[in-house]
Amino acid sequence: MATTQPAVDIRDLDVTFSTDGGDVHAVRDVSLQVQPGEVLAIVGESGSGKTVTARTILGLIPETATVRGALYLGGEDVVTLSAARMRELRGTRAAMIFQEPSTALNPVFPVGWQLAEGLRAHGKVTAQQARRRAVEMLQKVGIPDAARRVNDYPHQFSGGQKQRIVIAMALALEPDVIIADEPTTALDVTVQAEILELLRELRAEFGTAIVLITHNMGVVADLADRVAVMFDGELIETAPVGELFASPKHEYTKKLLAAVPRLELTDRPQVAASDEPAVVAAEHLVIEYPGRLGRKAFRAVDDVSFEIRPGEVLGLVGESGSGKTTIGRAIAGLTRVSDGSLRVLGTEMLGVRESSFRPKRRDLGFVFQDPATSFNPLLTIAQCVAEPLIVHGIAPNAAAARDRVDELLTAVQLLGEYGDRFPHELSGGQRQRASLARAIALDPKLLIADEPTSALDVSVQARVLELFGEVQERFGFATLFITHDLAVVDLLAHRVVVLHHGRIAEQGHTKDVLGSPSDPYTQRLLDSLPVPDPVEQAARRSRSRSASS
Amino acid sequence: MKLRAFLGRLPVVHQFRQSVGLQRGMLLAGLIITGFFAVMAIFAPWLAPFGYNQLTGDDGETFGAQVPPGGEHLLGTTVGGYDVLSRVIWGSRTAFMVIIVAVLLSVFVGVLLGLISGYIGGWVDRVLVVIADAVYAFPTLLLAIVAGIVISRGQSNLLGGVFAAAISITVVFIPQYFRVIRAEAVRVKAEAFVESAKVVGAPVPRIMFRHVLRNSTRTLPLIFTLNSSEAILTLAGLGFLGFGIEPTSAAEWGYDLNRSISDVTSGIWWTSIFPGLAIVLIVLGVTLIGESLNDLADPRLRTRRRAGAATPADAVAETTPVAREDMGEVH
């Protein structure tokens, strides 16, 4: 393999973006090679330049970028190539798999037509040939009943199937290299496992090199042959996957690997049963979203019963569409309860009036998923954090609340000056910490955290979770922690509720549920979670393969 | 430094700093033309050689009708014996008054209704939207004529004329502000920071005015400018049709154009060209500002580097569709 020409050969690549805030040096002197049939994972945090590097291979970077260096794609230097020749190379030499399959497909054309688009763009094919090829490709990526479904529209496929179709499109012209930009980030873990399996098979069949961009070390361990770690635009380490995980050389790589949450099944002491009433008690809870005219209402939460005791951290786990966020919103009074009973801080939420629930709101904090939108962009952080204090009449205005706000910001380790900044001047992790400060401003009895770390980088996530645990222990509020990540639950929760299609699949102590799941769905969820360790992941893979065959 | 930062947050100044190349040229041209007319309007008493309704010079002698340009009357006189140059200069004052009154009235009503409609929703929203659509269906000029008659009862003095024009324009423009603010309010309402305010227990008026309103106004300067040019055209149209302001109460370009119709065929060009040119130029100037603000506000139309692209991730996000234009635009 070493004698053959590399599929991609990046030499001293340097990309600079000119912005209003001065030039941003996104990629500095990166040299990389991808051999045919190899899976190279580029890992790094957001802003490390991994996506820019990979997109440069296809020439998909904004006009404001200045590119220096050389990038050989099958012997041709992409950097100096004309737009016309570049277009010819796209699809035939290199193709791309996008992060979000639902936006990568055009909703108004059947998938077969879109699959054939690449064929039509690169040479004369008859409609029949194109169609035949499209069906063939759909079969290859495991779409059942491909000959019929080739005429279906994207919305008729599930998320995982859509990503399969995107992969089929990328493979249609048999390119030498495929750029996969976070191909599984938008998918659920069980679907992610299937897609990774598919990519592995296709690599074996077509011998296509894959450049995999990801921040998920589990995915890296599962799929990659070699790993390139990027930090602040520089390539700091390249090593075969086993070597990298076993003995990372660079300081940053070590930090990155240490930050990856793993299932450790820590046995944390349970909250002692007390006579105090539960903070939240749901009994046969049903939440429906009204359907369109003439359609049945959509039942998002179906007959769910659980409770949260004072001071307890309850992890609510499930895939997208399982109803976990809906439950969180219902507890916060943002979504109406349809049936059953939901008691929050002693108030029955079925048919509750906002005016009667409002006084209870001071005992309730909420941390939202997306740190980018959870602050009013026109107010400073101090003003935002002061909002609950002002609303509940503890302080007349933001200036008067400043002392308390500074105290809160210190509690989440955002010292003094951060209060005067605007939300967009803070990083995602800092904003999420400020969000936590706002949630605990009134010393609540209950905190609802809806995927608070899913939008953050791994190392930032570790930091925020650690802080979360500290603050929870210090203030002793009960917490509903909503997440799709089992490893995160393992870090924080006393007890876990696993949701599946709006119903509870399993609930119990964290250690029991994650250590010895009794429900087949929980079992599958745990099996699908890629372990950030290539050796163990390979072992698990062969285990599950022999189990299924 | 503080002042600079503050200036940078002002609508037009902010966009001007963002702009480059042709778009900057367009914006600059628009600003210069509009600024020229604004200066004329403010300093009309000093700039204009005569009053708008002056028929005789200081010596007590009448100007005479249809005097060709040159000499004492740089741009000649009209059929009624007014000085053309003075009427053009004074006319800009009337135009600006109409813009200010019309836009102020419609902004306040439109924004408030849009905010209520968008945030509260439900049947209030439906009723308001239907009314707005109904008003939309009305021809502007017809409405303006009716309003003009009702307000001034046919007698057009300065205030009557200005308010007739302004109110009729207001009625037509309220739906525009209403719709824009409503759409923004609906969008902002779903943002996490509004939900966060709800969870905190903030009362509805506080959420509406502190959190939703201020985040919904980013397109206002744009409609504001586009509506201003339409306001001028409506005023001129009213004057041209004879529903404008009497020449003795104020100078008004549309009226002058109306009077000059018969002159055109007899080769007297100066009575129609200059007021007409004034209308074209001011509308052009204001529209140039509006259009460039529109282009600059839309990241897909803006030929420039995006502000705040501090990390490579931001720069990439710029090219990815959908991406984060919403969050990027709000600061």
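Me: Which residues in α9(B) are buried?
Reply: This is a predicted model. In it, the buried residues of α9(B) are Ala192(B), Phe193(B), Val194(B), Glu195(B), Ser196(B), Ala197(B), Val199(B) and Val200(B).

Me: Why is α9(B) described as largely enclosed by the rest of the structure?
Reply: Because eight of its nine residues are buried.

Me: What happens just after α9(B)?
Reply: Gly201(B) takes a positive phi there, about 100 degrees.

Me: What is Val194(B) in contact with, leaving aside neighbours within four places in sequence?
Reply: Tyr119(B), Val188(B), Lys189(B), Ile207(B) and Val212(B).

Me: And the largest nonpolar core, how many residues has it?
Reply: It has 62 residues. Val194(B) is among those with the most contacts inside it, along with Phe37(B), Tyr177(B), Ile207(B), Val212(B), Trp253(B) and Ile282(B).

Me: Which helices of chain B each supply at least two residues of this core?
Reply: α3 (21–42), α5 (84–120), α7 (140–152), α8 (158–189), α9 (192–200), α10 (204–216), α11 (220–241) and α14 (270–297). The largest share is 15 residues, from α5(B).

Me: What other core lies apart from it?
Reply: One of 56 residues. Its members include Met137(A), Val150(A), Ile178(A) and Met217(A).

Me: New topic. Where is Ser374(A)?
Reply: In a loop of chain A, between β16 (364–367) and α14 (381–391).

Me: Buried or exposed?
Reply: Ser374(A) counts as buried, because its relative accessibility is 0%.

Me: What does Ser374(A) touch, not counting residues up to four places away in sequence?
Reply: In chain A, Phe368(A), Ser435(A) and Arg438(A). In chain B, Ala192(B), Phe193(B) and Ser196(B). Those three chain B residues are buried ones in α9(B).

Me: Zoom out to chain A. How many helices and strands?
Reply: Chain A has 21 helices and 20 strands. Of its 549 residues, 55% count as buried.

Me: What is the radius of gyration of chain A?
Reply: 25 Å. A compact globule with 549 residues would have one near 24 Å, so the value agrees. The C-alpha atoms fill a box of roughly 70 × 50 × 45 Å along the principal axes.

Me: What percentage of contacts join residues at least 24 apart?
Reply: 68%, among chain A contacts between residues at least 6 apart in sequence.

Technical notes. Residues numbered from 1 in each chain as written. Chains lettered and ligands numbered in written order. Predicted model: local features only at pLDDT ≥ 70, side-chain atom pairs only at ≥ 80, totals over all residues. Heavy atoms only, no water. Helix = DSSP H or I, 4+ residues; strand = E, 2+ residues; numbered from the N terminus. Rg over C-alpha atoms; globule rule 2.2 N^0.38 Å. Buried < 20%, exposed > 50% of the residue type's maximum accessible area, 1.4 Å probe, protein only. Contact = heavy atoms within 4.5 Å. Core = buried A, V, L, I, M, F, W, Y, C linked by side-chain atoms within 4.5 Å.
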